[in-house]
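Visitor: I'd like to learn how to read a structure like this one. Could you take me through it step by step?

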Number of protein chains: 2
Amino acid sequence: MQQPYNVYEDRCPTRQVLDRLADKWALLILDRLQGAPVRFNQLRRDIQGISQKVLSQTLKKLERDGLLSRSVFATVPVTVEYALTDLGQSLIQTVSTFAHWAEQHMDAVLLAQVKYDEGAASTSGA
Amino acid sequence: MQQPYNVYEDRCPTRQVLDRLADKWALLILDRLQGAPVRFNQLRRDIQGISQKVLSQTLKKLERDGLLSRSVFATVPVTVEYALTDLGQSLIQTVSTFAHWAEQHMDAVLLAQVKYDEGAASTSGA
DNA sequence: CAGGATCCAAAGCGATACTG
DNA sequence: CAGTATCGCTTTGGATCCTG
C-alpha cells in the first residue's frame with residue numbers, strides 16, 4: 001500500500017515531468033499545436049524568438065514524453081508534421097488556459113511590477 | 001485600435017510573464033500557497049529540493065509580479081508569511097490543475113519514454 | 001527564523017556550418 | 001524543408017558563509 005507520489009517530493013518522477021512542461025517554449029509549442037498538426041518551419045515562424053536548435057530539442061523531448069507525434073511525408077522536399085497525441089490533448093486545455101492567462105493579466109502584472117519597484121526606490125532613494 | 005498582444009509574439013511583455021510562470025519552482029510555490037499563507041522555512045521544507053537561494057529569488061519575483069504578498073510579523077524571531085494575492089488566486093486553479101496533471105499522467109509519460117527509447121535503440125542496435 | 005552575498009560548476013542557448 | 005553538430009558565451013543554480 002504505497003502512498004502515491006506528489007509534486008512536492010523530490011526523487012519523484014513527477015518532478016521530471018513538471019520540469020519538462022514548466023518551460024516557456026514547450027508550452028508555446030503545445031499551445032500552437034492545438035487544433036491541427038503544424039510543420040517544423042511553420043512552428044519556427046509562428047513562435048517568434050525560438051531558435052532552430054531549441055525548437056528541435058523541445059520537439060524531441062515532447063515526442064519522447066508522448067505528448068506529440070512526428071509524422072514524415074516523403075514529399076520533395078520532405079514534409080514533417082507535428083501533432084498532439086491523446087496524452088497531449090489531455091493537457092492542452094490547461095496549457096492553453098495557462099498560456100493565455102499571461103495575455104489577459106499582463107497589465108495587472110506590469111502594474112504590480114511598477115508599484116513594487118517604486119516602493120523599492122523610495123526605500124533606498126528618499 | 002491596436003491589436004492585443006499574444007504569447008506567440010516576441011517583444012510582447014506576455015512573454016516575460018509566461019517565462020516567469022513557466023518555471024518548476026514558481027509553480028510549486030504557487031501551488032503550495034493554495035489555501036493558506038505559508039512561512040519561508042515551511043515552504044523550504046515542503047518543496048523538497050529547492051535551495052534557499054532559489055526559493056528566496058523566486059518568492060521575490062512572484063511578489064514583484066503581484067502574484068503573492070509578503071507579510072512580516074514582529075515576533076522573536078521574526079515571522080514572515082507568504083500568501084496568494086487576488087491576482088495569484090486568479091491563476092491558482094490553472095496552476096494546480098497543471099501541476100497535478102503531472103502526477104496523474106506520470107505513468108503514461110514514463111511509458112512513452114520507454115517506448116521511444118526502445119525505438120531509438122533498435123534503430124542503431126539491430 | 002528569514003534571508004543577503006559570494007564563489008563556482010553546470011546547464012542553456014544562440015550563432016554558425018553542414019547534411020539528406 | 002527539416003534537421004544535426006559544434007563552439008563559446010550567458011545564465012542558472014547549488015553550496016557555503018554571514019547577518020538581523
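Guide: Let's start with a term: a polar contact is a pair of N or O atoms within 3.5 Å; within protein, one must be able to donate a hydrogen and the other to accept it, and residues adjacent in sequence count only if both atoms are side-chain atoms. Here, an N or O atom in the side chain of A:Q52 sits 3.3 Å from a base oxygen of DNA strand D. Keep in mind that this is a predicted model, where local features need pLDDT of at least 70, side-chain atom pairs count only at pLDDT 80 or more, and totals for chains, interfaces and linings use all residues. Residues are numbered from 1 along each chain as its sequence is written, chains are lettered from A and ligands numbered from 1 in the order in which they are written, and side-chain values use heavy atoms, with hydrogens and water left out.

Visitor: Which side chains have a polar atom by a phosphate oxygen of DNA strand D?

Guide: A:S56 has one at 2.6 Å, and A:K60 has one at 2.5 Å. Looking at elements (helices are DSSP runs of H or I, at least four residues, and strands are runs of E, at least two, numbered from the N terminus), those giving two or more residues to the surface near the strand are α3, α4 and β3 of chain A, plus α4 of chain B. The biggest share, 4 residues, comes from α4(A).

Visitor: How many residues are around DNA strand D?

Guide: "Near" means that one of a residue's heavy atoms lies within 4 Å. There are 17 such residues, and among those that come nearest are A:Y82 and B:K53.

Visitor: How do I read the meeting of chain A and chain B?

Guide: The size of an interface is often given as the accessible area lost when the parts come together. That buried area uses a 1.4 Å probe and is summed over both parts. Chain A and chain B bury about 5,000 Å², 69% of it on carbon and sulfur atoms. On chain A's side, A:Y8, A:R64 and A:F98 lose the most area, together 16% of what that side buries. Counting contacts (heavy atoms within 4.5 Å), 54 residues of chain A meet 53 of chain B.

Key:
Buried area is the accessible area (1.4 Å probe) that two parts lose on being put together, summed over both.
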